[in-house]
Amino acid sequence: MKGLIQRVSHAAVQVDQQQIGSIGAGLLLLLGVERQDSEQTADKLLHKLLNYRVFPDADGKMNLSLLQSGGGLLIVSQFTLVADTRKGLRPGFSQGATPAKGERLYHYFIQQARQQLPQVASGRFGANMQVSLCNDGPVTFLLES
């Protein structure tokens, strides 16, 4: 499981020109599910994401986690994150989870996040989504479980 996180001042996701999720300051997570992933993999990545120190403390150093900062979390499924781009000029998706497994683990991840954070929004699995954001910093990290 891979998660690309971006610290944002705000972020939103739309499907069919309708906003379906948004947050103010917090993290935007683009989540990719691989074929070997499980609930345990999702739990491990969620723990890392919630506790990863990417928010500034009083001295301006990245010492605070999402849990400590009180920010929101916007979760968007992004199967292209698991693409193999090492060879050729076309990405390969053989390491990606099946759509059914990807959707199950995506919803599991959202459910688990909602049990730990007051503000969690999400995109729609498999939909053509438009994501808008203002990357704060910019701060972007690739997390792997």
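## Salt bridges

The side chains of Arg7 and Asp136 meet in a salt bridge, with 3.3 Å from N to O, where a salt bridge is a side-chain nitrogen of Lys or Arg within 4 Å of a carboxyl oxygen of Asp or Glu. This pair links distant parts of the chain, since Arg7 belongs to strand 1 (residues 2–15) and Asp136 to strand 8, 129 residues apart; helices (H or I, at least four residues) and strands (E, at least two) are DSSP runs, numbered from the N terminus. Arg7 is buried, with a relative accessible area of 8%, whereas Asp136 is partly exposed at 34% (buried means under 20% relative accessible area, exposed over 50%, partly exposed in between, with a 1.4 Å probe and protein chains only).

The count of salt bridges comes to three. Another joins the side chains of Arg104 and Glu39 at 2.4 Å, N to O; Arg104 lies in helix 3 and Glu39 in helix 1 (residues 39–51), so the pair ties together parts that are 65 residues apart in sequence. Asp84 and Arg86 also meet through their side chains, at 2.9 Å, N to O, and here Asp84 is partly exposed at 27%, while Arg86 is exposed at 73%.

## Basis of the model

This is a predicted model, in which local features need pLDDT of at least 70 and side-chain atom pairs count only at pLDDT 80 or more, while totals for chains, interfaces and linings use all residues. Residues are numbered from 1 along each chain as its sequence is written, and side-chain values use heavy atoms, with hydrogens and water left out.

## Lys61

Lys61 is found in the loop between strand 4 (55–56) and strand 5 (62–64), and is exposed, with a relative accessible area of 52%.
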